Amino acid sequence: MATGNETVVYLSEQVIVLCSCALSFVGSSLIILTYICWSDLRTTPRKLLVFLSMSDWLSAVSYAFGVWRVFHTNSVDCIVQGAISTFANTSSFFWTVAIAVYLYVFIVRSSQRVADSLVLFFHLVSWGVPLAITIAAVCLNKIGYDASEVSVGWCWVSIDADDRVLWMLLTGKIWEFLAYLTLPILYILIKRHIHTAHAALSEYRPILANRPPTHSFSSMADIKMTLIPVIFITLRIWSTVRFILLLVNSPARLNPVLMTLHGIGNTSQGAANCIMFVLFTQPIRTRLCTTLCCCSKCREEAQRSPDAPHGLLPGHDPSTLREEISTRTDR
């Protein structure tokens, strides 16, 4: 709802978006902590997911502050929050595409060496470009109060900027549009390659079926990264819709339902990734449950076997993404 030159953010919208920020904060933290705690999960694709989660973590914190404050002027904290969320949000776009590029080179081009050599380039682009854009925007006074025209209480590109649409593109939208185009193409090529590999080996399946199955759990989680573009597009589309409605000057962009969906979408990627790669990944879920149970029963276990080690999942060896694809193909 618009009042004069300002869009009203209802309390219900604030509560919902803040809850979304909290879930994303917890989800991103879990992804980072599981990577730190369990060494057999430290594959390169999951490392890239950790960098994406760092961006999502920072994004959730900055958005939560903006939604909680609901700025009304170009204050210092508004500009700081806008700068941080701009950097984190744009970085998240780059890391999402970086994961897709890595998996494409690794799986389709069958070159782990080349894929691993791209990681440094990913760092330079995914941190450097957003940082350069954000610094330029702040120095040129483009970041500030935007009256929630294309936000939900937080600050982004200042409503007073004459070239506001251009800076909206530079500080997020153009990279978002490129991600919409790039991610589906890369993941379609990956899935097509895997499907071709399955078909090529189909005549050997009766022989290979006698092989004892191996369960490369951490690699199964890496395979689930192919769902990242689906999550990305589903969550980000509401922001894109509001931006397009702004370009055509439609009042529909101020619809409370659309604003709420926008707020949820912009702040939920960390939570969605956590659901896919922590809660829906059996070994990690099992380890988390075991850890929680160990905390509640530590005294009892200490009394019965004070020197016994507490293995989480004995017998599970770390494996690579290619091994999991091979295992899935053999089946």
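Reader: Where is Val61 found?

Author: Val61 sits in helix 2. Keep in mind that this is a predicted model.

Reader: Why is Val61 called partly exposed?

Author: Its relative accessible area is 35%. Buried means under 20% and exposed means over 50%, with partly exposed in between, so Val61 at 35% counts as partly exposed.

Reader: What makes Phe25, Val26, Trp57 and Val61 a nonpolar patch?

Author: A patch takes residues with over 30% relative accessible area and no salt bridge, and nonpolar side chains are joined within 5 Å. Together the four have about 310 Å² of accessible area on the surface. Helix 1 (11–37) and helix 2 (44–69) are the elements that give two or more residues to the patch.

Reader: Let's go inside. Which residues have the most contacts inside the largest nonpolar core?

Author: Those are Leu48, Trp95, Tyr102, Leu103, Tyr187 and Ile190, in a core of 40 residues. Helix 3 supplies the largest share, twelve residues. As for Trp95, leaving aside residues up to four places away in sequence, its contacts include Leu48, Phe51, Leu52, Phe122 and Trp127. There is also a second, separate core of ten residues, with Val9, Val17, Trp154 and Met259 among them.

Reader: How do you know that Cys78 and Cys155 form a disulfide?

Author: The S to S distance is 1.9 Å. A disulfide needs the two cysteine sulfur atoms within 2.5 Å, so Cys78 and Cys155 qualify. A search of the whole structure finds one disulfide. The angle about the S-S bond is -115°, and the link is left-handed.

Reader: What makes Cys78 and Cys155 distant parts of the chain?

Author: They are 77 residues apart: Cys78 is in helix 3, while Cys155 is in the loop between strand 3 (143–144) and strand 4 (156–157). Both Cys78 and Cys155 are buried.

Reader: Why is Cys21 in no disulfide?

Author: The nearest cysteine sulfur, that of Cys19, is 9.2 Å away.

Reader: Why does Cys37 count as exposed?

Author: Cys37 has 54% relative accessibility. Exposed means over 50%, so Cys37 gets that label.

Note on methods: Residues are numbered from 1 along each chain as its sequence is written. This is a predicted model: local features need pLDDT of at least 70, side-chain atom pairs count only at pLDDT 80 or more; totals for chains, interfaces and linings use all residues. Side-chain values use heavy atoms; hydrogens and water are left out. Patches are made of residues with over 30% relative accessible area and no salt bridge: like charges are joined within 9 Å, nonpolar side chains (Val, Leu, Ile, Met, Phe, Trp, Tyr) within 5 Å. Accessible areas come from the Shrake-Rupley method with a 1.4 Å probe; for residues, only the protein chains shown count as cover. A salt bridge is a side-chain nitrogen of Lys or Arg within 4 Å of a carboxyl oxygen of Asp or Glu. Helices (H or I, at least four residues) and strands (E, at least two) are DSSP runs, numbered from the N terminus. Buried means under 20% relative accessible area, exposed over 50%, partly exposed in between (1.4 Å probe, protein chains only). A nonpolar core is a set of buried Ala, Val, Leu, Ile, Met, Phe, Trp, Tyr and Cys residues joined through side-chain atoms within 4.5 Å. Contact means heavy atoms within 4.5 Å.
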